[in-house]
Each structure stands twice: as C-alpha cells, then as structure tokens.
Amino acid sequence: GTRALDQGGLARDISLRHAELITNLAMASRGLSGEALLLELYGERGRLSTLKATVSRARRLVAIESIPYRLSDAIYVDALDLDDLLATGHVREALELYKGPLLPESEAPGIRRARERIDEAVRQAVLHAGEADLALRLARKFPDDLELWEKAKELTAKDDPAYPLIRARIRRIRGEWGL
C-alpha cells in the first residue's frame, strides 16, 4: 500500500503514477511493449505521448530500458515476495509481509488485476491454512468479508477472548446484508 522507493537506505515517496509504472515493470520481468504498458497503466483511453512522458519522468528515479520497456536493475517489490511465499506454502510469513491491498488507490488496469489476484491468493491461502490467528488477522484487514469471519469463528475456541468479538462482527455483517 505504500508508495516509497528505497535507494541505498534512503526512502522517498513517489507519485502514484510512478509507483504504478515501476510495479508493472517489476512484475513483467521480460518487459512490456509500449502498447502493453500503455494498456496496463491507462487502459483503452491512454495515449502513447502520455506514456512516453511518464516513462521519461520515471527515469529520474530508476533506470528504464525501451523496446521492450523494462527495469534495467532488479528492484525489490514486496508483492513479488508475497507471491513467492504463498507459492511455497509460507502462509504465516506471507501474511506478515501483506500490509494490505497493492496500491489501493490505483485504478490502473494492470495494478487492479494484480491487486485482486494478490488479495485473493492471500485470502485463499489463509482460509485453507486452518489457523485461527491467521484467519482473524486477515479478517481484520477485510472487515466485511463474511467468509473470513466465519472461518475465524470456526477455528477459534469458544473460550478465546476474541470469540465474542468475532460473533458480533458476523452478526453485524449479516444484518447489513439482510441475511
């Protein structure tokens, strides 16, 4: 969720558009054509001149090659580590790394798809892990996700202090949804 670029221990905030560009390029290790990158950032409404200007400004932050567009140097993106942790079954570590949705304010098509994929991968991994504390921690990040709250209830002992809170949350969600 944060938009910071750490270079040599010096973290600096970057614009949403630069974060979107860098993240899309980091997730596409082989690079992207100009047309593909344009669609990932701007969708159908994008213009190539806008993309070129964005890339030009982003080159002040990171080295970007053209044809195809790709990052010249390896850049650490926590979302990629999260994918690796989930793929190797390290759900607890993945949930530690997962701070929330990827660039939540972004409407860039490539980021939206990645965000939805990551959120659902984390969600499914936690649901299948069968550990009450993991289910409860993720449910707190998604306060209206009835399935997560019900899984947390199923896995939490009735004498656990969190149990009544979980039940109350489930009742509230069901009430709001008219269930």
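Me: Why does His-18 count as buried?

Reply: This is a predicted model, in which local features need pLDDT of at least 70, side-chain atom pairs count only at pLDDT 80 or more, and totals for chains, interfaces and linings use all residues. Residues are numbered from 1 along each chain as its sequence is written, and side-chain values use heavy atoms, with hydrogens and water left out. Buried means under 20% relative accessible area, exposed over 50% and partly exposed in between (1.4 Å probe, protein chains only). His-18 has 13% relative accessibility, so His-18 counts as buried.

Me: Which residues is His-18 in contact with, leaving aside its neighbours within four places in sequence?

Reply: Contact means heavy atoms within 4.5 Å. On that basis His-18 touches Thr-54, Arg-57, Ala-58 and Leu-61.

Me: What makes helix 1 largely enclosed by the rest of the structure?

Reply: Helices (H or I, at least four residues) and strands (E, at least two) are DSSP runs, numbered from the N terminus. Nine of the 12 residues of helix 1 are buried, so helix 1 is largely enclosed. The cover includes helix 2 (34-42), helix 3 (48-58) and helix 6 (109-129).

Me: Why does the span of helix 9 agree with what it should be?

Reply: The expected span is 1.5 Å times one less than the number of residues. The 15 residues of helix 9 should therefore span 21 Å, and the end C-alpha atoms are 21 Å apart, which agrees.

Me: Which residues of helix 9 are buried?

Reply: Tyr-163, Ile-166, Ile-170 and Ile-173 are buried in helix 9. They cover an arc of only 90° around the axis, so they are on the same side of helix 9; the arc is that of the directions from the helix axis to the C-beta atoms.
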